[in-house]
Amino acid sequence: MIRILIDSASDYPLEEVKEKNMELVSIQISIGEKAYRDGIDLDRNDFYTILEESGTFPKTSQPSPQEFLDIFRDVKEKGDEIVCILLSSALSGTYQSAFLARSMADYDKIYLVDSLSATYCIKVLADYACRLRDEGADAAQIAKQVEALKSRVKVLAALDTLEYLSRGGRLSKTAAAIGDMANIKPIITLTPEGNVGVLGKCLGKNKAICSLKKHLQEMKVDESFPLYPIYSFGTENCTRMEEKLVQEGYHPDTRLQIGPTIGSHIGPEAFGIIFVSEKEAD
């Protein structure tokens, strides 16, 4: 049997994980004294409410090697194969935990894919892996095809506030305060190396939406894959963006909410798009 594993930074809904016969390893989110398993026992809207009200920056803990090892040993005992599609190694030690567990399991049918990405970009890759699995591909073929696709999966997002980048230590408090006073909305993406990159800074939401649309047009969308609108908490900005995309002839798929692992850093009212770019001609 071919098994597909993802971590909770993919923001994959638990019911859909079960529906597609996938496996999920959860990242732990700690807010003050309380710890939650991302994707399992923390509702997303509740998380953002706590985030806004507590003033405490959440801490994330990567899964331990043991959590992966337990699954890998089961895979080995049953003679199965497994493809793991994991949060960018530039953002977390999750991939390293899985890498260590694979070496301990000593089984050559465990395939690890460093997505170099996060949130629903991983969903796009996992859905593609499930499709290949259902078409009869083996784990090695699936891992190879997912590796080939991952550089084409893109995310473009606009932040409504710089406060949470500041809380997480990725921006000084002074710079965040000045930026928010000036109504600056950064446009962020994930770099080819799997880090967060800034594509530009816009004054106000309307210019941010126009900037997202411009970058989308430049990158050229592969329409055989979904184009997902994404948001953190509060849908007004996302709705406005979707309306603009429809006016430009795009066909947005289901709107998806970003979970705690990434949401901790971007805060409420963030919005954006996830899509696959066209394959470059050889």
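Colleague: Which residue takes a positive phi in the hairpin of β3 and β4?

Modeller: In that hairpin, G32 has a positive phi near 65°, and two residues lie between the strands. Strands here are DSSP runs of E with at least two residues, helices are runs of H or I with at least four, and both are numbered from the N terminus. Please note that this is a predicted model, in which local features need pLDDT of at least 70 and side-chain atom pairs count only at pLDDT 80 or more, whereas totals for chains, interfaces and linings use all residues. Residues are numbered from 1 along each chain as its sequence is written, and side-chain values use heavy atoms, with hydrogens and water left out.

Colleague: In what order do the strands of the open sheet lie?

Modeller: Strands of a sheet pair through backbone hydrogen bonds, in either a parallel or an antiparallel manner. Here three strands are arranged as β4-β3-β5, with antiparallel pairing; two strands count as paired if DSSP finds at least two bridges between them.

Colleague: How is the packing of α5 and α6 described?

Modeller: Two packed helices are described by the angle between their axes and by the distance between those axes. For α5 and α6 (residues 139–149), the angle is about 145° and the axes are 10 Å apart. Axes are lines fitted to C-alpha atoms, for helices over the stretch in contact, and angles run from 0 to 180 degrees between N-to-C directions. The contact (heavy atoms within 4.5 Å) is made by L125, Y128, A129, L132 and R133 of α5 with I142, Q145, V146 and L149 of α6. Of these residues, seven are nonpolar, one is polar and one is charged. In this classification Ala, Val, Leu, Ile, Met, Phe, Trp, Tyr, Cys and Pro are nonpolar, Asp, Glu, Lys and Arg are charged, and the others, Gly among them, are polar.

Colleague: How many salt bridges does the structure hold?

Modeller: Side chains of opposite charge can pair when their charged atoms come close. The structure holds 18 salt bridges, each a side-chain nitrogen of Lys or Arg within 4 Å of a carboxyl oxygen of Asp or Glu. One of them joins K123 to E16, with the closest N and O atoms 2.9 Å apart. K123 lies in helix α5 (residues 120–134) and E16 in helix α1 (residues 14–19), so the pair ties together parts 107 residues apart in sequence.

Colleague: Are K123 and E16 buried or exposed?

Modeller: K123 is buried, at 4% relative accessible area, and E16 is buried at 18%. Buried means under 20% relative accessible area, exposed over 50%, and partly exposed in between (1.4 Å probe, protein chains only). K123 also forms a salt bridge with D127, at 3.1 Å between the closest N and O atoms. D127 and K123 are four residues apart in helix α5, about one helical turn.
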